[in-house]
Structure formats: structure tokens, C-alpha cells
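Subject: Structure handover

Hi,

Here is the structure for you to look over. My notes follow below it.

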Amino acid sequence: MNSVIMIVYIVCILLLVLFFNLNFSIKEFSFSKSLVLSKYILPTLEDWWNCCMTTPIFDENGKLHVFMSNIPKIGSWLKNSKIEDLTADRLEGP
């Protein structure tokens, strides 16, 4: 009985797509087209993931700080994750 319901479900979806001419393609927005790769990329350690970056913070000396967590790809992320403080003199990086 489950296979009959599945076939009816698939046929209904196909009819809806054909009848309403539904387009399930992904639309590319102008914002995504404006993103450009730059040479200033945060460093990544081998076999680690960078995650959870904070909003850039300026200290009292004018230095920029970004905090992020480094999570190991292998092993216990609860025991081995690290917090890293990236510093720079300007927004573009060191």
C-alpha cells in the first residue's frame, strides 16, 4: 500500500510542476555576484576547521581583533578545540 501512495504522490508532484510550470532553479542575486575573493584570507591550520568568528573589535591601542574557534577535524572537539585571537593594524589584515 505504501508504494501506491508513493506513486500517487510522485504523479501529483509531476502534474503540479507541469501544470503550473514551476521552476525549481536557484536564483543568483546581485549580492552574490558582487562578492570578490581577495588575497586577505584568514589562516587555516591543516586538519582544523575555523568556526564562529566574532565581529571585529578595536582595542584601546587601535588594534583590530577577531576571535574564532579552531575545531579539529579528527578527535574530540569538546576537549581539543581552541580559541584564537587574530590581530591586525587595519581591516584588510596584517
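**Cysteines**

Cys52 is exposed, at a relative accessible area of 60%. Exposed means over 50% relative accessible area, buried means under 20%, and partly exposed lies in between, with a 1.4 Å probe and protein chains only. Cys51 is partly exposed, because its relative accessibility is 26%.

Before you go on, note that this is a predicted model: local features need pLDDT of at least 70, side-chain atom pairs count only at pLDDT 80 or more, and totals for chains, interfaces and linings use all residues. Residues are numbered from 1 along each chain as its sequence is written, and side-chain values use heavy atoms, without hydrogens and water.

How many disulfides are there? The count is zero, where a disulfide is a pair of cysteine sulfur atoms within 2.5 Å. A disulfide is a covalent bond between the sulfur atoms of two cysteines.

**Strands**

Helices (H or I, at least four residues) and strands (E, at least two) are DSSP runs, numbered from the N terminus. Two strands pair if DSSP finds at least two bridges between them.

Start with strand 3, residues 64–72. Eight of its nine residues are buried, so the strand is largely enclosed by the rest of the structure.

Its pairings are these:

- Strand 1 (residues 48–51) runs antiparallel to strand 3, with four bridges. Asn50 sits opposite Asn70 of strand 3.
- Strand 2 (residues 57–58) is joined to strand 3 by two bridges, again antiparallel. Ile57 has His65 as its bridge partner in strand 3.
- Strand 4 (residues 82–88) is antiparallel to strand 3, with seven bridges. His65 has Thr87 as its bridge partner in strand 4.

The hairpin of strand 2 and strand 3 has five residues between the strands. There, Gly62 takes a positive phi near 85 degrees.

Now look at Ser69, which belongs to strand 3. Is Ser69 buried or exposed? Ser69 is buried, with 11% relative accessible area. Leaving out residues up to four places away in sequence, Ser69 touches Trp49, Asn50, Cys51, Cys52, Lys82 and Ile83. Contact means heavy atoms within 4.5 Å.

**Helix 1**

Helix 1 covers residues 2–20 and contains Ile13. Ile13 is partly exposed, at 35% relative accessibility.

Best wishes
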